[in-house]
Amino acid sequence: MAHKVAVIGGTGLCDWPGVQPGKVRRINTVYGAPSADLQSLQFDDLEFLFLPRHGGKHSIPPHKINYRANLSALHSVGVTQILAVNAVGGIGSRFGSGVIAIPDQLNDYTWGREHTFFDGEDGAVEHIDFSYPYSESLRQQLISAAQTLAMPIVPEGCYAATQGPRLETAAEIRRLARDGNDLVGMTGMPEAALARELEMDYASVCLVVNPAAGETEALITMDDIRRVLDTGMAQVKQLLAASLRRLQV
Ligand code: HPA
């Protein structure tokens, strides 16, 4: 069966307990293997595909993810819409810990990643339009789903994709703030651009799991992040479920 919608899960969303597991599909692509088998999930009458970006055991760091294989695998089984989940640091007072944001812009600071399907090997040079990196219709579906749930979210934001795996310095975050960024994470690119190259609709649900470096007096600890992840991802799942329902009617 062709799948229309896929969720790419990030940190804190490697599995989806409580949701009925369906078929598992092992896909290989010309770019290599995706982060994990594609898992078909079902709840109520909804069916969607799930791919944990960091692998089923959260073992692949952001700069080692085979983004091309992930997007190519989803495309090969007929996915046309992707809801991506990203745990991020927040910049500025609107983006405190626990906030869910639906970004509408991004800046790419990553380097050295395989970031395009159009690498000229077929003798053609291609340039995609990427003025608005996220699908506006998918963003609006997410925003409307949040309204239906009376779930407070921030319906916009500029996402900075950094290389990782280390977190940023306070000076780097000051620079990212000057550049107009609100959210900082390590996996949003090249994922969004690869989806656009394959003409798949793509939107991101960002969960702020820590104030970015230097935004508060405190240092960033994994314990603090984990605490926000636990409660925040439960909300993200609710939002995804409501959005999937809207996408599949
Ligand atoms: N910076 C980059 N990536 C992140 C952060 C951060 O502060 N928090 C979660 N992912």
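Figure 1. The shell around the ligand is formed by A87, V88, G89, L167, E168, V184, G185, M186, V209 and N210, where a residue is included if one of its heavy atoms lies within 4 Å of the molecule. The model is a predicted one, in which local features need pLDDT of at least 70 and side-chain atom pairs count only at pLDDT 80 or more, whereas totals for chains, interfaces and linings use all residues. Residues are numbered from 1 along each chain as its sequence is written, and side-chain values use heavy atoms, with hydrogens and water left out.

Figure 2. β5 provides the largest share of the shell, namely three residues. The ligand takes up the space of the largest pocket. A pocket is here an open set of points on a 1 Å grid over the protein atoms alone, where a 1.4 Å probe fits, with protein on both sides within 12 Å along at least five of seven lines; a molecule sits in a pocket if more than half of its atoms lie within 2 Å of its grid points.

Figure 3. A polar side-chain atom of E168 is placed 2.7 Å from a nitrogen atom of the ligand. For A87, a backbone N or O atom lies 3.3 Å from a nitrogen atom of the ligand, and for G89 a backbone N or O atom likewise lies 3.3 Å from a nitrogen atom of the ligand. Of the 260 Å² of accessible area that the ligand has on its own, the protein covers 92%, with areas taken from the Shrake-Rupley method with a 1.4 Å probe.

Figure 4. Helix α1 spans residues 67-76, and eight of its 10 residues are buried, so the helix is largely enclosed by the rest of the structure; buried means under 20% relative accessible area, exposed over 50% and partly exposed in between, with a 1.4 Å probe and protein chains only. The buried residues are Y67, R68, A69, N70, L71, S72, A73 and L74. Their cover includes the strands β1 (5-9), β3 (38-43), β4 (46-52) and β5 (81-90), together with helix α4 (191-197). Within α1, N70 is buried at 0% relative accessibility, and N70 touches P34, S35, L51, R53 and I65, not counting residues up to four places away in sequence, a contact being heavy atoms within 4.5 Å. G78, which follows α1, has a positive phi near 95 degrees.

Figure 5. When residues up to four places away in sequence are not counted, S135 touches R196, D201, Y202 and A203.

**Figure 6. Two cis peptide bonds in loops.** The peptide bond from G164 to P165 is cis, with omega near -5 degrees, and P165 is found in the loop between β8 (158-161) and α3 (170-178). The peptide bond from M189 to P190 is also cis, with omega near 10 degrees, and P190 lies in the loop between β9 and α4.

**Figure 7. Residues other than glycine with positive phi.** A150, in the loop between α2 and β8, has a phi near 55 degrees and is exposed, with a relative accessible area of 67%. E199, in the loop between α4 and β10, has a phi near 60 degrees and is exposed, with a relative accessible area of 72%.

Figure 8. K237 is placed in helix α5 (residues 222-247), and although K237 and W16 are 221 residues apart in sequence, their C-alpha atoms are 8.5 Å apart in space. K237 touches L13, D15, W16 and P17, with residues up to four places away in sequence not counted.

Conventions: Helix = DSSP H or I, 4+ residues; strand = E, 2+ residues; numbered from the N terminus. Polar contact = N/O pair within 3.5 Å; in protein donor to acceptor, adjacent residues only side chain to side chain. 1 Å grid on protein atoms, 1.4 Å probe; cavity = no way out; pocket = protein on both sides within 12 Å on 5 of 7 lines; lining within 4 Å.
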